[in-house]
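Biologist: Please take a close look at one part of this model for me. I would like the strands and the charged pairs around them, in short sentences.

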Amino acid sequence: MSRQTNIIGALGLLLVLVGVIAGLYFFTDRGREFVDGLFDKSMPTAKTPPVTLMPPLRSQMTIEQVLDFLDKQSYTAASSSNRVPKLANVPAKELDTLTVESFKHFEVSGVLTLEFLNGSLYEVVFNPYIASTYTKVARDRLGLRPDPKKNGRSEKITGRQRISSNVFLAASKVGESLDTKAYVIWQDLNLLALRRQ
């Protein structure tokens, strides 16, 4: 009889524990994060070698490594974070962004935006303030060419590295008349695919 009592007591305790966890999960954000953390072991992480983005920046660099690089160059970054909870078969994601104003790339000033997935750098975006000052860099240093089939946008894929830009379009008379914001984007295609899940 005492064995049966122990089993009933253990089941009762288990039901109370399940009820508390379910209550935390459905009624508080912190509870949901805690429960997701217990059961979600599939947070996307990189399992391939890093890709060179905007040298010396490489994919998979941590936020701390990038901040250290920026600090050594005397830049200050604004940061923002967002947590995307687990949804059905889509794993939870930690998304972080660093933004640097007046960053110089090959002596051209612009805004640098660095995107992180679960603490790993996967995308770098440079928006030159004046598109025409960056066209020579895009052509001579990055090997980009305007593609007439893409309305003057450019794209170059080398292995898992993707570079895309609209600098030539933004520097054109049409781009200027439309006040087109120039960009160059460096991406690690594997991490980008994980980000888009």
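Modeller: Start with Thr97, and leave aside residues up to four places away in sequence. Thr97 then touches Ala78, Ser79, Ser80, Thr113, Leu114 and Glu115. Keep in mind that this is a predicted model. Thr97 itself sits in strand β2, which covers residues 93–105. One of its neighbours, Glu115, also makes a polar contact with Thr97: the two side chains meet at 2.7 Å. Is Thr97 buried or exposed? Thr97 has a relative accessible area of 17%. The cut-off for buried is under 20%, so Thr97 counts as buried.

Strand β2 also holds one end of a charged pair. Arg83 forms a salt bridge with Glu94, and the closest N and O atoms are 3.0 Å apart. This pair links distant parts of the chain: Arg83 belongs to strand β1 (residues 78–84) and Glu94 to strand β2, eleven residues apart. How accessible are the two partners? Arg83 is partly exposed, at 26% relative accessibility. Glu94 is partly exposed too, with a relative accessible area of 30%.

Next comes strand β3, residues 108–117, where Val108 is placed. Val108 is buried, and its relative accessible area is 8%. Its contacts, not counting residues up to four places away in sequence, are Phe103, Phe126, Pro128, Thr133, Tyr134 and Val137. For a distance check, take the C-alpha atoms of Val108 and Asn127: they are separated by 9.9 Å, and the residues are 19 apart along the chain.

Back to the charges. How many salt bridges does a search of the whole structure find? The search finds six. Among them is the bridge between the side chains of Lys72 and Asp68, at 3.2 Å from N to O. Both residues lie in helix α3 (residues 63–72), four residues apart, or about one turn of the helix. Lys72 is exposed, with a relative accessible area of 63%. Asp68 is partly exposed, at 37%.

Another bridge pairs Lys150 with Glu155, where the closest N and O atoms lie 3.1 Å apart. Arg162 comes in as well: salt bridges that share partners join Lys150, Glu155 and Arg162 into one network. Lys150 counts as partly exposed at 30% relative accessibility. Glu155 is also partly exposed, with a relative accessible area of 38%.

Methods: Residues are numbered from 1 along each chain as its sequence is written. This is a predicted model: local features need pLDDT of at least 70, side-chain atom pairs count only at pLDDT 80 or more; totals for chains, interfaces and linings use all residues. Side-chain values use heavy atoms; hydrogens and water are left out. Helices (H or I, at least four residues) and strands (E, at least two) are DSSP runs, numbered from the N terminus. Buried means under 20% relative accessible area, exposed over 50%, partly exposed in between (1.4 Å probe, protein chains only). A polar contact is a pair of N or O atoms within 3.5 Å; within protein, one must be able to donate a hydrogen and the other to accept it, and residues adjacent in sequence count only if both atoms are side-chain atoms. Contact means heavy atoms within 4.5 Å. A salt bridge is a side-chain nitrogen of Lys or Arg within 4 Å of a carboxyl oxygen of Asp or Glu.
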